[in-house]
Amino acid sequence: MKFYDLREFIATLQKLGQIKVVEGASCDLEIGAITELATDLEGHPAVLFDSIKGFPEGNRVLTNIISDTVRERLIFGVAQELSDREAVIFFKNRLKQYEPVDPKEVGLAPVKENVLRGDEVDLGRIPWPKWHERDGGRYMCATSVVTREPDSGYINIGSYRFMFINKNTIVAHIGSGHNGDVIRKKYWEKGKSCPVAISLGQDPALLLAAGTNLPWGSSEYGFAGWLRGEPVEVARGEYTDLPIPATAEVVLEGDMLPPDQGEEIEGPFGEASGYYGGGARPAPVTKIRSMLFRNKPIILGNPPFLGGDRTILYSRALLVWNELETLGLENIMGVNYSGCRTIISIKQAYPGHAMRVAHAALGGTAGYHARFIIVVDEDIDPYNLDEVFWAVATRCDPETSLDISRRTWSYKIDPRLPEEKKSVGNYTSSVAIIDACRPYHWMDKFPPTTKISEELLKKTEEKWGEVLRRG
Ligand SMILES: Cc1cc2nc3c(=O)[nH]c(=O)nc-3n(C[C@H](O)[C@H](O)[C@H](O)COP(=O)(O)O)c2cc1C
């Protein structure tokens with residue numbers, strides 16, 4: 001669904017009763033804790049913080065934008081009436097027809113309503129919350145960060161957290177292997193700083209595109225345009241000349257300096273894994289040279305909180321699924337990619353099918369598979385963890401159905417990566433492949449499950465259902 005900007009998205013949430021307004025909260029832990037409380041309320045509402053302590057009325061922070069399926073479907077353009085499974089299939093098939101929609105350059109850019117340059121820059125004018133109790137500082141955690149590859153001019157957008165240091169200095173956490181990391185290092189190898197433009201709030205489609213592991217060379221603007229059904233409007237940055245989202249609330253432009261020109265301690269931060277895994281370590285600083293913002297800007301926050309992620313359409317799972325199909329792997333019935341593990345359900349067609357699927361997922365670029373890939377048969381719902389663990393407990397023979405893939409891609413926020421590996425930059429890990437499918441070569445002799453057939457259940461419901469309900 002198309003939202004012109006974050007304000008139009010908020011207005012839609014207000015109409016749907018999907019948002020709570022909280023006035024008077026402080027950036028010092030209160031905004032974070034209220035956000036976490038709201039994720040447990042019925043409907044898991046988004047929260048708009050206004051009149052934030054120490055800031056003028058109208059300088060707002062919006063959180064919890066995709067912690068509920070209603071809002072997720074709104075952004076992904078999927079009908080609310082569909083069941084979860086139908087919604088997943090619908091969006092997966094839509095993704096297969098993906099065609100990038102190029103951004104459109106416009107003259108009028110609301111984000112340029114206010115422009116501060118050089119010494120005028122003061123990052124303290126906008127709220128930087130301290131989200132979790134053990135965070136090492138105050139953070140922006142739902143950014144859309146634009147960089148340009150120095151040789152080809154390819155424009156990349158990723159979402160990375162930034163910690164506040166002082167009025168014109170921040171420090172980034174960008175995982176190794178991300179395109180943004182590869183790009184900044186190309187500048188640094190030439191002894192140059194990497195120009196960067198950081199959007200802090202805009203139509204949520206761009207955040208979702210920025211957070212999606214698109215292959216090297218793909219356009220996140222193109223992906224966001226496709227998602228919203230209309231080109232993203234962009235304007236030229238004042239300092240970097242990078243294309244910036246014209247309807248953004250705030251854009252910070254500057255330079256990511258090479259590590260030998262200054263580092264600051266970054267972290268710890270309460271991460272998506274549910275831990276402070278990345279710890280606190282030196283990281284190269286980013287100097288902000290210009291600050292563009294709308295009147296009464298709204299900062300978008302999407303802090304990770306345990307249990308706050310209820311997304312099922314978030315395109316990584318579906319991109320993994322489509323990657324498998326593009327490789328020609330048949331009978332993929334479902335992919336549940338969340339909570340640091342991947343569960344793939346297949347209808348086995350030949351011996352070795354399950355392992356082929358697991359290795360293909362590991363070799364793809366759409367997912368980061370953390371520590372476990374679990375492959376289950378088609379009768380197991382990959383979204384139902386009780387069913388999945390029942391299959392693991394009853395169909396997997398640990399002696400013969402577990403494999404370990406070593407030296408796989410990981411990054412420093414991985415809570416299980418030992419310090420001796422982190423300290424030498426060895427961000428590789430291992431992934432266990434759990435084949436929880438019935439062994440293909442004696443599937444027909446595998447004991448049938450005691451599940452009552454759909455047919456008998458339907459007949460029973462017709463005859464006895466009312467008695468039960470009355471009962
Ligand atoms: C809200 C949000 C916050 C994120 N924070 C970070 C982060 O701090 N550091 C990081 O490396 N990746 C983070 N990610 C994941 C990356 O944005 C994602 O993997 C993206 O595809 C990387 O883009 P790139 O490969 O184009 O650099 C975040 C994603 C989202 C949606």
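How much area do domain 1 and domain 2 bury between them? A few notes on that, for someone new to this structure.

1. About 2,100 Å² is buried between domain 1 and domain 2, with 59% of it on carbon and sulfur atoms. Buried area here is the accessible area (1.4 Å probe) that two parts lose on being put together, summed over both. On the domain 1 side, Lys92, Asn213 and Arg281 lose the most area to domain 2, together 27% of what that side buries.

2. Before going on, some ground rules: this is a predicted model, where local features need pLDDT of at least 70 and side-chain atom pairs count only at pLDDT 80 or more, while totals for chains, interfaces and linings use all residues. Residues are numbered from 1 along each chain as its sequence is written, and side-chain values use heavy atoms, with hydrogens and water left out.

3. Domain 1 covers 6-300 and domain 2 covers 315-445, with bounds from an automatic or database domain assignment. Taken over C-alpha atoms, their centres are 30 Å apart.

4. Counting contacts (heavy atoms within 4.5 Å), 26 residues of domain 1 meet 22 residues of domain 2.

5. The rule finds three salt bridges across this interface; each needs a side-chain nitrogen of Lys or Arg within 4 Å of a carboxyl oxygen of Asp or Glu. Take Glu325 and Lys96, which form a salt bridge with their closest N and O atoms 2.2 Å apart. As for the classes, the side of domain 1 that touches domain 2 has nine nonpolar, eleven polar and six charged residues, where Asp, Glu, Lys and Arg count as charged, Ala, Val, Leu, Ile, Met, Phe, Trp, Tyr, Cys and Pro as nonpolar, and the others, Gly among them, as polar.
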